[in-house]
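Subject: Structure handover

Hello,

Here is the structure we talked about handing over. Please open it first, then read the notes under it.

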Amino acid sequence: MPLTASQPFIFTGCVEVRQALDHRATDERELLERLEEIPAGSVFYHTHGYFLRQRAITTVYGNDFASWMATQVRDQVLAERLAVVNPFEFASLEHLREELASIIHDHLRRLSAVPRVEFGEPFYFQQSHIVEVSLGAGANTLAEFRAGLASVDASAIYFHMVEARARLGRRAGDFAEWIRTSLGMPELADGIERIDTYMTSLERVRARVLALVDAALDGGAR
Amino acid sequence: MIRIEDYRRVAPPGVVDIILTLAERVRGRRFLHLSGGRFGSGPAEILQTLVPMMSDLGIDAAWEITGGDPGFYATAATLQAALRGSERVLTDEALDHFIEMNRVNAKKLALDADLVLVHDVQPATLVEHRASRGRWVWACHFDASRPQRRAWTFFRPFVNQYDAAVFALPSFSRRLGVPKYVIHPSIDPLSEKNRELAPREVARILRVLSIPQDKPLLVQIGAFTAAEDPLGVVNAYRLVKKHHDVRLVLAGTSGGEPDSLEILGELRETAQADPDVLVRELPPDASLQINALQRAATIVLQKSVRESFGLGAAEAMWKGKPVIGGFVGGLPQQIVYDVTGYVVSSVEGAAFRLRHLLNAPELIARMGAAGREHVRRSFLITRHLVDYMALLIHLTP
C-alpha cells in the first residue's frame, strides 16, 4: 500500500524578470563598493541565478563576480577565490555578501594597484523578480512525485531546490521538506537535502533526486 | 498561421506548458505593441509572430504603428541615429513637428491597454497621451548608452514618463528615473530565415547564388559597413588561406551609403583577384538565402567592431554552426567562449580561431551542437513570449 501524503506536492516552475540596476563597476575596488550597497536581491541574482540562466551549459565559474574577474578583469587569483564560495553554505544573503566583500577586500590589501577592466566589459549589477508558475496536478505519493519530477520544466528544480532555500527561507528545500513532513520519510529527505547544488546544472540535480527516489521506491516505498 | 503547439518540437521541454499556464493568468488582458512600422526592423520581424501567438493564447494583443509625413519619418530616423551615438543635426522645428505628428497619431490610435509596450523611437512620445489606466513601457532595441547629448536631453523627459523601460542588455541602457528590465531579443525557429532546410534545398539555393560547395565555407552575413568589418574578415581569411583551402562568402546589403559602397567596391576588387572570395549582395527579403548560407557554412563569422545585439550569431548557432564574433554588443552574451564559438578582438584573433577550428573538425561539430542547445534555451521566440508575459504579470499583477 503506497504511502499517501498528508498534503500533495505542487510543482512550481518559475520565470525570471530581470532588472538592470544603476550600478556598475570597472575595477575591483568599485566592485567592492557597489557590492556593499546593492540590494540583497542583486547578491542573490549574481550568485544563484546562473543555475536558471545557464541550464544547458555549466559555466566555469560558480558566480557572476568570479566569472567577471576571470574573463573581463583577467585577475585569475581573485576569480578563483570568489569561485570557491559556495552560496548554499550561508545562512543568509547578508552573510554571503559579507564573505564576498571580505575576500575582495583582503585581495586588494595585498596589491599595490587596483586591477581594472582594460579591454573587457564593466560589471553591470542586476536583480530579478520571480514569477511563479504552478505546474499541473499535485503528487500524493512518492511514485507520483517521481513521475512529476522526471517531466517537469527545469525551472521547477530551480524553484524548489534553489529559490526556496536561498531566498524564501525554506532551508531544507521543498522536495526534502515535503518528503519529510508529508510522506514521513526522513532518510530520503536527508539524502535530498545533502545534494550539492553548487557548480552543477539543474538537470544533474534532477537526476540525483530521481536516483535517490528510485532507490527508495526499489526499497519498497511507494 | 503558426500556433504555439507547433513550437513543442523545437522549444525546450516544458516551455510550451509554462507558456500555456502563464497565458491562463493573463487571459483577456490587453497587451498593446506600438512601433514605427510592420516591416524592415528586428522588432517588427519578431512582432509579426509574437502578436498572433499572444492572441492565439487568449491575450487581447494588438499591434499599432505610427505614421506621418516624410519629415516625421526623417526626424524619427535621425533621432534614433543620434540616440545610438551618431553625430546628427536635430532642429527645434523638426523635433516640434515630430511631437505634433505623434499628437495626431494619438488621436487615431486606441491607446488604452493593461500594458503598452512602445518599441524604439518613432512612437515614443505617444506616452504624453497615455490613458490613466495601464502601464507604459519603452522597449529600446538598440544601444542607447552613449547618445548624442542634445538628442538625449530632448528624449529623456519622455522616457521618464514611462513606468519602466526594457533593454536588450544592461550595457545598452543609461541611468533613468524608471526601472529598467532586461529582455534579450530572439529568433523564430519556424520562420523562413530559421526553419529546417533539406540539404537538397540548401544546394539549390547556393547554386542560384553561384556558390560552389566543394570547399569548407567561411560565411559572414551582414551589411557591407565598417561596423561589420567585412574587410577585416577578408584579412583574417587571407591568414587562414595559407594553411587551409577554404572559401570565404561575404553576403549582405550595401544600404547605398557612401562608406558602404566604398567597402563593397573594395570587396569586389578582392573577389576579382581571388576566386575563393565570393561577395554576394542580397535583397532586403533574403531570409531563405540567409538560411541556406548559414546551413552551408562550416564556420560563421560575425566579426563586427560595432554591433547592437547581433542576432545573426544566434541564427547561425541554431543551425548548428560555431560562431566567431567580435567582442561587441550582444555577441559575448550569445557566444559562450570555447563552448559555442569564440569572441575575438582582432583580425589575428579571428584567423587564429578559424585555424583552430579548421584543424579540429570534431570541435566544429561539438560547438555547433552546443550552440544549437544554447539558442534553444536562451534565444528562441518562446523564451521571448515567456518574458513578455512575465513582464505583464509583474507590472500588472
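Predicted model: local features only at pLDDT ≥ 70, side-chain atom pairs only at ≥ 80, totals over all residues.

Domains

Chain A is assigned two domains: domain 1 covers 19–127 and domain 2 covers 133–218. Their C-alpha centres are 28 Å apart. Where these two domains of chain A touch, domain 1 contributes ten residues and domain 2 contributes 13 residues. On the domain 1 side, α2 (40–48) and α3 (50–53) of chain A each provide at least two of the residues. That side of domain 1 of chain A consists of five nonpolar, four polar and one charged residues.

Chain B is also assigned two domains. Domain 1 of chain B is made of two stretches, 4–186 and 380–395, while domain 2 of chain B runs over 199–378. The distance between the centres of domain 1 and domain 2 of chain B, taken over C-alpha atoms, is 30 Å. Here ten residues of domain 1 meet eleven residues of domain 2. The domain 1 side of this contact in chain B has six nonpolar, two polar and two charged residues.

Contact between the chains

Between the chains, 22 residues of chain A are in contact with 28 residues of chain B. On the chain A side, β1 and β2 are the elements that give two or more residues. β1(A) gives the most, with seven residues. Sorted by class, the chain A side holds twelve nonpolar, five polar and five charged residues.

A residue to look at there is A:Q126, which lies in strand β2 of chain A. Is A:Q126 buried or exposed? A:Q126 counts as buried because 21 other C-beta atoms lie within 10 Å, and the cut-off for buried is 20 or more. Setting aside neighbours within four places in sequence, A:Q126 is in contact with A:R18, A:Q19, A:A20, A:L21, A:S42 and A:Y45 in chain A, and with B:P170 and B:V182 in chain B. A:E80 is 46 residues from A:Q126 along the chain, and their C-alpha atoms are separated by 22 Å.

Helix α1 of chain B

Helix α1 of chain B takes in residues 15–26. At 1.5 Å a residue, its twelve residues should span 16 Å, and the end C-alpha atoms are 17 Å apart, so the two values agree. The buried residues in α1(B) are B:V15, B:V16, B:I18, B:I19, B:L22 and B:V26. These residues lie on the same side of α1(B), because they cover an arc of only 150° around the axis. What do the buried residues of α1(B) pack against? Their partners are β1 (12–25) and β2 (123–134) of chain A, together with α14 (381–395) of chain B. Just after α1(B) comes B:G28, with a positive phi of about 85°.

Nonpolar core

The largest nonpolar core has 183 residues. A:Y158, B:V118 and B:V137 are the residues with the most contacts inside this core. Leaving out neighbours within four places in sequence, B:V118 is in contact with B:L34, B:P123, B:A124, B:L126, B:V127, B:W136, B:W138 and B:A139.

Regards

Key. Residues numbered from 1 in each chain as written. Chains lettered and ligands numbered in written order. Domains from an automatic or database assignment. Contact = placed C-beta atoms within 7 Å. Helix = DSSP H or I, 4+ residues; strand = E, 2+ residues; numbered from the N terminus. Nonpolar A, V, L, I, M, F, W, Y, C, P; charged D, E, K, R; others polar. Expected span 1.5 Å × (residues − 1). Buried ≥ 20, exposed ≤ 12 C-beta atoms within 10 Å, placed from the backbone. Arc of directions from axis to C-beta. Core = buried A, V, L, I, M, F, W, Y, C linked by C-beta atoms within 7 Å.
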